[in-house]
Amino acid sequence: MANVTAKQLSEVIGVSVDKLLDQLKNAGVQVKDTDDPISDEDKMKLLESLRSSHGKQEAEGPKKITLRRKSKSELRVAGTSGRNATTKTINVEVRKKRTYVRRSEVVAEETRMQQQAEAEIEEQSRLQQQQAEEEARLAEETAQAAAAAEQQAVAEAARAELEKKAYEKSLQEVEAAQKVIERERAEIEAAEAAEAAARAALEEAATASAAAVAAPEKTGKHGKHEDRHTRYGRKELHVKESAHQPNRKQKFKKGQRQVHEIRNLHGFEKPTAPVVRNVEIPDAITVAELAQRVAVKAGDVIKVLMQMGTMATINEILDHDTATLVVEELGHNVVAAASEDDFEKELKASAEQQGEAKVGRPPVVTIMGHVDHGKTSLLDFIRSSRVTSGEAGGITQHIGAYHVETDKGIITFLDTPGHAAFSAMRARGAQATDIVVLVVAADDGVMPQTKEAVQHARAAGVPLVVAVNKIDKENADPDRAKNELAALEVIPEEWGGENMFVHVSAITGEGIDSLLDAILLQAEILELTAVDSGNAKGIVVEASLDKGRGPVATVLVQSGSLKQGQMLLAGTQFGRVRAMYDESSNSIKTAGPSMPAVVLGLSGVPNAGDEVFVVENERKAREFAATRDSRIRESKLADQHKAKLQGMFDAMEEGQVAEINVLIKADVQGSSEAIRESLQKLSTDEVRAKLVATGVGGINESDINLAAASDAIVIGFNVRADAAAKRVAGEHGIEIRYYSVIYDIIDDVKSIMSGMLSPESQETIIGLAEVKDVFRSPKFGDVAGSIVVEGVVRKGQPIRVLRDNVVIYEGELESLRRFKDPVEEVRMGTECGIAVKNYNDVKPGDQIEVFERTEVARSLE
């Protein structure tokens with residue numbers, strides 16, 4: 001559209017020129033005169049301005065207006081006809097409501113309706129298009145399914161053909177087998193018929209001969225002789241096939257497997273001979289376990305025991321002989337159980353490496369001797385360490401294993417305690433060693449533990465090297481030690497014997513080199529060799545329970561190579577080696593022959609002296625450990641049974657024995673063992689120390705609860721109780737005693753046991769009176785007029801009446817008088833009257849002995 005003037009535009013739209021100019025000004029269009037041209041852009045600006053202004057007005061005003069009009073009027077209605085007709089007036093109210101809607105709203109509603117109709121048409125077309133696509137897809141899938149069904153039908157037909165052929169072939173085979181069975185059955189029936197005829201002929205002949213000799217036998221219900229072979233009068237029971245199931249071919253479904261039953265001649269057969277079992281009997285077994293092994297009820301075993309005169313329960317423990325009699329009574333055989341030696345041989349065979357070359361190994365040397373003879377000090381000088389100062393009381397209380405590299409060569413030393421309580425430790429040390437160095441103090445000579453060390457070395461077959469120590473002292477006498485050892489058949493080489501004697505001093509170091517030379521010389525003579533590869537084998541030297549690291553075992557490797565990560569079996573404990581350390585706490589990865597190693601990772605604390613093996617896997621280790629545990633349990637059951645019977649007999653013979661209950665916790669297994677043996681040696685016929693429990697590790701709450709239940713004292717050797725244990729001990733009043741020297745434990749327990757001994761009664765004669773004459777008293781009976789010849793006579797004390805220096809009566813002094821006055825005592829040289837209670841046969845010349853009884857506390861020797 002071409003440009004127009006303001007005047008022309010006002011005429012077109014029907015408004016005045018002034019109003020149009022104002023509207024253009026409001027719209028932002030600059031028009032100064034009515035003849036100025038107005039472009040299309042100016043017209044659009046005017047239109048937008050008018051629209052916005054009209055929209056504001058509409059927004060400001062209401063969209064619709066509702067008018068309500070109410071009018072009231074009266075309506076008169078005539079009443080009923082008659083004489084009294086009346087007229088009623090009814091008030092009528094008319095309400096009118098009219099709503100006026102703005103035209104723009106109507107237009108907007110029409111526009112919205114039109115847009116909604118267009119949207120519906122568009123949605124309908126979209127749905128029609130989607131439906132057409134879905135129909136096309138379904139048609140395509142239908143075609144594919146039809147093709148697949150056709151292929152499947154072809155495959156089914158082929159498979160049906162194959163199954164039909166297989167069915168026909170199996171049917172032919174079954175028919176052939178049935179023909180063979182029927183032929184064999186006919187032959188068997190014919191043979192049985194012939195046998196039955198022969199048996200009948202024999203029976204008739206036997207019956208006829210028997211009837212001629214004896215009375216006729218009883219007959220059955222039908223007049224025939226009953227057969228005595230079975231309970232029911234016949235030898236075999238023939239079961240007829242059911243009439244409801246005729247023998248015809250069964251129809252099987254397609255694909256079903258045919259099962260053809262081949263019937264035996266009988267429906268059931270008579271049981272054969274009873275089952276005889278071979279039963280292994282250990283040293284001790286319970287009634288329930290024995291019943292399980294012979295496959296009978298426990299009541300049957302108890303019944304057999306009652307017939308043998310033994311009353312037993314299901315949990316009763318039977319010894320080997322009793323269990324053997326029961327098994328034989330039940331009709332079974334007893335076979336020898338696998339011995340412990342066989343089991344250990346199997347274990348060693350599984351752990352050994354065959355065909356491995358042996359190489360030389362360092363010697364294992366054990367230092368033995370009496371307490372305080374300088375064993376550890378001598379080893380300290382060799383190791384250039386100070387071990388003795390670290391031990392409580394200056395004595396060795398553990399077995400120490402040390403790997404020492406000297407100028408002369410590598411030597412492994414085992415230091416054993418010398419106190420009497422550690423006898424088991426010394427025996428273990430002698431068994432695990434190659435050479436024993438016997439330390440004898442030059443100033444002290446041979447002592448009890450020296451003799452015991454010689455005995456252990458001889459029992460283990462280990463050569464002895466004697467080290468005469470403390471030769472630096474002024475009162476040292478080496479010849480005395482030689483003479484005393486010669487009495488024990490330990491002869492020096494210079495005297496023509498086989499034992500090397502070396503004079504040494506652990507303080508100055510004199511003779512140490514000679515001692516090492518003697519050890520290495522002895523090792524060369526022994527030609528010590530071992531396999532240095534393959535699975536390791538060794539012995540537990542010491543074991544303990546560490547709070548942070550768990551079970552810790554000191555292992556001396558005897559052959560093979562022990563490596564980190566291997567599965568280890570030690571006694572009844574097993575586990576994988578998590579870490580290994582040497583005697584200086586340095587981590588190591590492998591340990592060869594004659595090497596001591598501290599091992600972590602076992603399932604529990606093994607016993608000192610247990611053999612150690614490396615096994616293939618955890619399954620074998622668990623199996624061997626369970627077998628060992630069961631053998632130990634059986635041995636404990638047998639010991640408990642014996643101890644129970646012995647304790648019952650002892651109680652019947654000797655009466656009640658006083659007991660002191662003790663619970664022991666030690667730092668290592670060897671110390672616990674030594675304390676246990678020492679306390680058991682203190683027991684006597686009157687008082688004994690009963691060990692409630694022994695263990696390794698700190699004292700915990702469960703230990704205190706056990707001590708409270710058994711009223712025991714708790715002894716901690718180089719261990720302490722934790723906070724929970726102390727709290728529970730305070731609540732129950734349990735005494736916890738800590739020790740670091742074994743002497744103190746033995747002395748304290750001995751004093752407690754001595755206090756439990758019944759006191760010893762001692763008699764002391766305090767006076768002697770001689771009877772001069774006898775008087776008759778109506779109140780006391782015979783009164784002996786006597787004179788005190790010794791000591792003093794006191795009233796109320798026990799007395800004895802002697803005649804010709806023979807005791808004829810023992811009783812109590814009832815009355816003591818002097819000049820008819822009662823007195824408490826009469827001294828020597830004084831006359832008095834004595835009335836003996838319940839005794840009237842005193843004669844002149846008798847002697848009355850007065851004594852008193854005192855109780856003296858006893859102590860254990």
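Visitor: Where is Asp-582 placed?

Guide: Asp-582 sits in the loop between strand E22 (579-581) and strand E23 (587-588). Helices (H or I, at least four residues) and strands (E, at least two) are DSSP runs, numbered from the N terminus. This is a predicted model: local features need pLDDT of at least 70, side-chain atom pairs count only at pLDDT 80 or more, and totals for chains, interfaces and linings use all residues. Residues are numbered from 1 along each chain as its sequence is written, and side-chain values use heavy atoms, with hydrogens and water left out.

Visitor: What makes the reach from the side chain of Asp-582 to the backbone nitrogen of Asn-586 a polar contact?

Guide: The distance is 2.7 Å. A polar contact is a pair of N or O atoms within 3.5 Å; within protein, one must be able to donate a hydrogen and the other to accept it, and residues adjacent in sequence count only if both atoms are side-chain atoms. The 2.7 Å value lies within that limit, so this pair qualifies. Leaving out residues up to four places away in sequence, Asp-582 also touches Ile-588 and Val-598, where contact means heavy atoms within 4.5 Å.

Visitor: Why is His-732 called partly exposed?

Guide: Its relative accessible area is 44%. Buried means under 20%, exposed over 50%, and partly exposed in between (1.4 Å probe, protein chains only), so 44% puts His-732 in the middle class. His-732 belongs to helix H17 (residues 723-732), and its side chain reaches the backbone oxygen of Val-728 at 3.0 Å. Beyond its neighbours within four places in sequence, His-732 contacts Asn-705 and Ala-708.

Visitor: What makes E10 and strand E12 (residues 410-415) a pair?

Guide: Two strands pair if DSSP finds at least two bridges between them. E10 and E12 have four, in the parallel sense, so they meet the rule. One of the links joins Thr-366 to its bridge partner Leu-414 in E12. E10 also runs parallel to strand E13 (residues 435-441), joined by five bridges; there, Val-365 has Ile-435 as its bridge partner.

Visitor: Why are strand E28 (687-696) and strand E30 (736-739) said to stand at the edges of their sheet?

Guide: Four strands form this open sheet, ordered E28-E27-E29-E30 with parallel pairing. E28 and E30 each have a single partner strand, so one side of each is left without a neighbour in the sheet. From one strand to the next, the twist averages 25 degrees; axes are lines fitted to C-alpha atoms, for helices over the stretch in contact, and angles run from 0 to 180 degrees between N-to-C directions. Strand E29 (residues 713-717) pairs with E30 over four parallel bridges, and Ile-715 has Arg-737 as its bridge partner in E30.

Visitor: Which strands does helix H15 (residues 669-681) lie across?

Guide: H15 lies across strand E27 (658-666), E28 and E29, running at about 170 degrees to E28.
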